[in-house]
Amino acid sequence: MNGPLIAVTGAAGAVGGRVARRLARVGVPVRLLGRDPSRLPSLRGAVAAPPAPYGDGEAMRRALHGAHTLFLVSAHESPDRVREHITAVDAAVAAGVERIVYVSFLGAAPDATFTFARDHWHTEAHLRMVDVRHTFLRDGWYLAGLPAMTGADGVLRGPGGDGRVSAVAHEDIADAASAVLLEEGRGHDGMTYDLTGPEAFTLAEAAEELSRRTGRTVRYVPETREEAYASRAHYGAQDWEVAGWVTSYEAIAAGELAPVSNAVPALTGHPAKSLAAYLRENPDSYRHLLQGA
């Protein structure tokens with residue numbers, strides 16, 4: 001093993017797990033953090049840390065002791081997420097972490113339409129204030145989310161209007177993050193990278209692509225805000241969570257998730273994955289649409 005120790009949070013998840021595997025593959029010492037240590041991958045040169053919830057500053061400080069860099073995947077959405085992020089950042093600084101690479105969100109702003117994107121802005125603001133080198137990776141909607149949010153009835157519904165979304169693959173986010181983490185110079189310090197797909201498309205166009213891939217008719221049904229809340233009421237989720245779901249579509253309608261960046265190819269050396277390519281390579285992502293036909 002060679003190089004400084006990198007701590008990877010969310011190492012059992014879709015982004016953190018991919019990053020941990022990429023780092024371990026090239027022989028970098030990795031410490032894995034996750035909410036459930038039993039779900040952490042077994043990787044050569046990687047060591048699992050004891051459970052350390054973001055909101056538990058002392059546990060996070062112990063888990064990060066000796067780490068040089070922290071790859072900070074955002075916590076699961078909750079009303080306390082900003083406080084949890086701040087606690088985790090402060091614990092990392094107290095533990096002597098020199099660098100934090102934070103997974104933020106495209107268009108993060110204090111007044112972002114997407115309510116969860118506001119959490120990311122406040123986290124970024126705190127990172128700018130503390131004495132630690134930092135890089136922000138602002139990823140957009142996940143390509144995987146498009147088939148996942150399409151019901152077995154073949155309908156993708158939400159208040160996205162005719163807005164466009166530059167959705168990105170988990171693989172591209174992980175490749176870009178790994179490139180940043182493995183570059184130990186200061187070229188990425190203070191930088192913000194928008195991680196997007198190669199194109200921005202409407203949800204109607206996404207439905208058309210799903211139709212081509214599945215061989216059945218998939219439709220996009222635009223909703224009003226009231227219709228969106230009503231169609232999601234049966235999930236029984238709390239108000240703040242449903243607001244996040246609905247406003248993610250409204251952010252598309254507002255044009256806030258349409259920017260297309262060249263950061264993925266610039267950081268990774270390969271093109272960003274398109275929706276068509278993602279669906280072709282991941283047939284399990286839309287299997288429920290075939291079963292529901």
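**Helix packing briefing**

Helix α9 covers residues 239-253, 15 residues in total. From first C-alpha to last, α9 reaches 21 Å, close to the 21 Å expected at 1.5 Å a residue. The model is predicted.

**Helix α9**

- The buried residues in α9 are Val 242, Ala 243, Gly 244, Val 246, Thr 247, Ser 248, Tyr 249, Glu 250, Ala 251 and Ile 252.
- Gly 255 follows α9 and has a positive phi, near 80 degrees.

**α2 against α3**

- Helix α2 spans residues 57-64, and helix α3 spans residues 81-94.
- Their axes come within 8 Å and cross at roughly 45 degrees.
- That angle makes α2 oblique to α3.
- The crossing of α2 past α3 is right-handed.
- On the α2 side, the contact uses Gly 57, Met 60, Arg 61 and Leu 64.
- On the α3 side, the contact uses Thr 87, Ala 88, Ala 91, Ala 92 and Ala 94.
- By class, this contact of α2 with α3 holds six nonpolar, two polar and one charged residues.

**α3 against α4**

- The axes of α3 and α4 come within 9 Å and cross at roughly 25 degrees.
- Angles under 35 degrees count as roughly parallel, so α3 and α4 are roughly parallel to each other.
- α3 passes α4 in a right-handed crossing.
- From α3, the residues at the contact are Arg 81, Val 82, His 85, Ile 86, Val 89 and Asp 90.
- They meet Phe 116, Asp 119, His 120, His 122, Thr 123, His 126 and Leu 127 of α4.
- The contact of α3 with α4 divides into five nonpolar, five polar and three charged residues.

**Glu 124 in α4**

- Glu 124 lies in helix α4.
- Its relative accessible area is 0%, so Glu 124 is buried.
- Beyond its neighbours within four places in sequence, Glu 124 is in contact with Tyr 102, Ser 104, Ala 108, Phe 136 and Arg 138.

Note on methods: Residues are numbered from 1 along each chain as its sequence is written. This is a predicted model: local features need pLDDT of at least 70, side-chain atom pairs count only at pLDDT 80 or more; totals for chains, interfaces and linings use all residues. Side-chain values use heavy atoms; hydrogens and water are left out. Helices (H or I, at least four residues) and strands (E, at least two) are DSSP runs, numbered from the N terminus. The expected span of a helix is 1.5 Å times one less than its number of residues. Buried means under 20% relative accessible area, exposed over 50%, partly exposed in between (1.4 Å probe, protein chains only). Axes are lines fitted to C-alpha atoms, for helices over the stretch in contact, and angles run from 0 to 180 degrees between N-to-C directions. Angles under 35 degrees count as roughly parallel, over 145 as roughly antiparallel, 65 to 115 as roughly perpendicular and the rest as oblique. A crossing is left-handed if the near helix is turned anticlockwise from the far one by less than a right angle, and right-handed if clockwise. Contact means heavy atoms within 4.5 Å. Ala, Val, Leu, Ile, Met, Phe, Trp, Tyr, Cys and Pro count as nonpolar, Asp, Glu, Lys and Arg as charged, and the others, Gly among them, as polar.
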